[in-house]
Amino acid sequence: PAAVVMSARARARSSTVASSGAASTRRTTLRRAAPARKSHHRARRTATSAADAESPRVSSITSTDRVNVISEALPYLQQFAGRTVVVKYGGAAMKDESLKAGVVADLVLLATVGLRPVLVHGGGPEINKWLERVGIEPNFLNGLRVTDDDTMSVVEMVLAGRVNKSIVSLINQAGGSAVGICGKDANLLRGRVLNPDLGRVGEVTKVDTALVKAIVNAGQIPVIATVAADEENGDSLNVNADTAAGAIAADLGAEKLILMTDVPGILRNPKDVNTLIEQVDSNGIQALVSEGVVDGGMIPKTQCCVKCVGEGVSAAHIVDGRTPHSLLLELLTDQGRGTMITQ
């Protein structure tokens, strides 16, 4: 069973851990050692209040605090140096300008200190806005967008054009070097129609990350819009950004897959942030689905995570993109900030 080990600097508290088909609660006060290169079990805690989830004011941070932050991050920077991290970017973090700037800054920082980030993005709100502008009413079936030919034209224009290039521009302006592509480029993502009733909504059937690897090896950040090519006729397909990110992470042999969402992670009680399940393995996910703890839109997200860790990704994370710098908090701190899923 997965275990939670607390930092000497973090106060002892109860951590909910689901593993091997069951969830258990453990309380420890063990000193955290520097992480082994292959280990992904680390000291973690849950925010106990809204204030705890917010960054401290600059005026309250001393020079010693800054040194401690760098010291705490060092073992993780050493562990992940040269490793690929795939980030699925979406939700509130794409709509709020300050959060967007924070995500971009975090990506540039990770690339600067030696990690190899790959960004995969959706763009639902922007798509809806442009559909309205051209007089097309959005339609959904079982939570999935019904995508006829006219809608697909707008989806491709917005995702592979406006949204993709705006993210690339932000990364470049922040001092990084980004290259924007979509799933059709170099046959990165190929797929088939998921359900004729949904129109041109696809599921990924084949991944070829040669182009992504070339971009990463050149020291640049790939920014990928999730438009795939139909394996039958080459037509554009709208594919789910979570599953596309998982498929890309598995093909790259990534160290991490991080899904940025609008929830803190997997909560045993959706109304209580203190019931966050901080770490869970694949068997534990299936148990949580059976218990009804994981339901609705969280099911495809968790199944995507389970699939990619089963295909070689070391760990997958579901984090709250509404929390400033949640990406860095999850990757580079003892506490973490979300749910970590392992094999």
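T333 is found in the loop between α10 and β16 (338–342), where helices (H or I, at least four residues) and strands (E, at least two) are DSSP runs, numbered from the N terminus. At 14% relative accessibility, T333 counts as buried, a label that means under 20% relative accessible area, with exposed set at over 50% and partly exposed in between (1.4 Å probe, protein chains only). This is a predicted model, for which local features need pLDDT of at least 70 and side-chain atom pairs count only at pLDDT 80 or more, while totals for chains, interfaces and linings use all residues. Residues are numbered from 1 along each chain as its sequence is written, and side-chain values use heavy atoms, with hydrogens and water left out.

The side chain of T333 has a polar atom that lies 2.5 Å from the backbone oxygen of L329, and a polar atom of this T333 side chain also lies 3.2 Å from the backbone nitrogen of G336. A polar contact here is a pair of N or O atoms within 3.5 Å; within protein, one must be able to donate a hydrogen and the other to accept it, and residues adjacent in sequence count only if both atoms are side-chain atoms.

## L332 and its partners

L332 lies in helix α10 (residues 326–332) and is buried, with a relative accessible area of 8%. Not counting residues up to four places away in sequence, L332 touches E72, A73, Y76, L77 and L110, where contact means heavy atoms within 4.5 Å. L332 and I70 are 262 residues apart in sequence, yet the C-alpha to C-alpha distance between them is 9.3 Å.

## Residues with positive phi

H325 has a positive phi of about 60 degrees although it is not a glycine, and at 36% relative accessibility it counts as partly exposed.

N187 is a further residue other than glycine with a positive phi, in this case near 55 degrees. N187 lies in the loop between β7 and β8 (189–193) and is partly exposed, with a relative accessible area of 36%.

Strand β10 (residues 221–225) is mostly covered, since five of its five residues are buried. In a regular strand the side chains alternate between the two faces of the sheet. Both faces of β10 are covered, with I221, V223 and A225 buried on one side and P222 and I224 buried on the other.

Three bridges join strand β4 (residues 116–121) to β10, and these two strands run parallel; two strands pair if DSSP finds at least two bridges between them. Strand β7 (residues 178–182) also pairs with β10 in the parallel sense, over five bridges. I224 takes part in both pairings: in β10 it is the bridge partner of V120, and I181 stands opposite I224.

## Nonpolar cores

The largest nonpolar core has 41 residues, and those with the most contacts inside it are Y89, I167, I171, M260 and L331; such a core is a set of buried Ala, Val, Leu, Ile, Met, Phe, Trp, Tyr and Cys residues joined through side-chain atoms within 4.5 Å. Helix α5 (residues 149–173) gives the most to this core, with nine residues. A second, separate core of 39 residues includes V239, A249, A254 and V313. In soluble globular proteins, nonpolar side chains tend to be buried together.

M260 touches V87, K88, Y89, G90, A93, V103, V319, G321 and S326, not counting residues up to four places away in sequence.

## Cysteines

A search of the whole structure finds zero disulfides, a disulfide being a pair of cysteine sulfur atoms within 2.5 Å. The sulfur of C304 is 5.1 Å from the closest cysteine sulfur, in C305, and is therefore too far for a bond. C304 counts as buried at 6% relative accessibility, and C182 counts as buried at 8%.

## The chain as a whole

There are ten helices and 16 strands in the chain, and buried residues make up 50% of its 343 residues. Among contacts between residues at least 6 apart in sequence, 72% join residues at least 24 apart. The chain exposes about 15100 Å², of which carbon and sulfur atoms supply 51%; accessible areas come from the Shrake-Rupley method with a 1.4 Å probe, and for residues only the protein chains shown count as cover.
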